[in-house]
Amino acid sequence: MTEAKQGIVKLTDFAGKYKYILLVIAAGFLLLTFPGGEKSGKEEKRSESFNLQAFEKQVEKTLSECEGVGRCKVMLSVSSGPESVFAKEARESRREDERARESDIDTKPSIISGGSGGEMPVLIKEMYPEFQGAVVICDGAASAALRGKVVEAVSVLTGLRSDRISVIKMKE
């Protein structure tokens with residue numbers, strides 16, 4: 001046998017003997033090179049943030065499933081949008097002279113590693129929008145009892161007072 005054939009035989013014997021270990025190493029290498037399941041910080045933020053239209057559709061769906069409501073449309077107005085509060089690092093520096101004392105406070109956002117070499121700010125809390133009013137248009141609004149139940153349901157879902165919710169009969 002030639003030297004090249006002997007090398008190939010040794011390599012195939014080695015691969016046959018340690019094939020499972022080599023397979024695990026190759027799979028690990030592929031997973032490290034292609035992090036397909038991770039999202040960047042901005043993408044995660046978008047998916048978790050409040051979407052007014054989606055919330056309106058969810059309220060519509062919930063109300064239309066109630067007995068007597070029928071078809072339903074909901075419109076919500078907001079006085080302030082969603083807001084995210086991020087952690088900040090504060091660094092205070094003081095200088096004292098014979099004449100005066102000075103102090104400066106320098107703030108910057110706290111940053112953590114987001115994986116895959118990315119960084120993102122530390123989110124303390126996310127505040128949802130403050131609702132200003134609601135209009136509900138539905139088939140069953142002719143009934144005063146049903147209007148009261150719809151007002152109560154929208155009030156519970158949005159935190160609005162009943163005088164800020166209007167329930168109107170939908171046209172035929």
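Helix α5 has 15 residues and spans 21 Å from its first C-alpha to its last, close to the 21 Å expected at 1.5 Å a residue. The model is predicted. Seen down the axis of α5, the buried residues fall within an arc of 140°, so they line one face of the helix. That buried set packs against α4, β1, β8 and β9. The structure also holds four salt bridges.

- The buried residues of α5 are L146, V150, V151, V154 and T158.
- The face turned away from the buried side carries the exposed residues A145, K149, E152 and V156.
- An α-helix has 3.6 residues a turn, so residues three or four places apart point the same way.
- G159 follows α5 and has a positive phi, near 85°.

**The largest nonpolar core**

- This core has 20 residues.
- Within the core, L63, V136, V150 and V167 touch the most other members.
- Two or more core residues come from each of α4 (52-64), β1 (72-80), β8 (130-138), α5 (144-158) and β9 (165-169).
- Leaving aside neighbours within four places in sequence, L63 is in contact with V69, C72, V74, V136, V150, A153 and V154.

- T158 lies in helix α5.
- T158 has a relative accessible area of 14%, so it counts as buried, the limit being under 20%.
- Its side chain reaches the backbone oxygen of V154 at 2.7 Å.
- The side chain of T158 also reaches the backbone nitrogen of L160, at 3.3 Å.
- Not counting residues up to four places away in sequence, T158 touches F55, L76 and F131.

- E60 sits in helix α4.
- The relative accessible area of E60 is 11%, so this residue is buried.
- E60 touches C72, K73 and V74, not counting residues up to four places away in sequence.
- K57 forms a salt bridge with E60, with the closest N and O atoms 3.8 Å apart.
- K57 and E60 are three residues apart in α4, so about one helical turn separates them.

**Other salt bridges**

- Side chains of opposite charge can pair when their charged atoms come close.
- D139 and R71 meet through their side chains in a salt bridge at 3.1 Å, N to O.
- D139 lies in the loop between β8 and α5, and R71 in the loop between α4 and β1, so the pair ties together parts that are 68 residues apart in sequence.
- D139 is partly exposed at 24% relative accessibility.
- R71 is partly exposed too, with a relative accessible area of 46%.
- R161 and D163 form a further salt bridge between their side chains, at 3.1 Å, N to O.
- R161 counts as exposed at 51% relative accessibility.
- D163 counts as exposed as well, at 56%.

Key. Residues are numbered from 1 along each chain as its sequence is written. This is a predicted model: local features need pLDDT of at least 70, side-chain atom pairs count only at pLDDT 80 or more; totals for chains, interfaces and linings use all residues. Side-chain values use heavy atoms; hydrogens and water are left out. A nonpolar core is a set of buried Ala, Val, Leu, Ile, Met, Phe, Trp, Tyr and Cys residues joined through side-chain atoms within 4.5 Å. Buried means under 20% relative accessible area, exposed over 50%, partly exposed in between (1.4 Å probe, protein chains only). Helices (H or I, at least four residues) and strands (E, at least two) are DSSP runs, numbered from the N terminus. Contact means heavy atoms within 4.5 Å. A polar contact is a pair of N or O atoms within 3.5 Å; within protein, one must be able to donate a hydrogen and the other to accept it, and residues adjacent in sequence count only if both atoms are side-chain atoms. The expected span of a helix is 1.5 Å times one less than its number of residues. The arc is that of the directions from the helix axis to the C-beta atoms.
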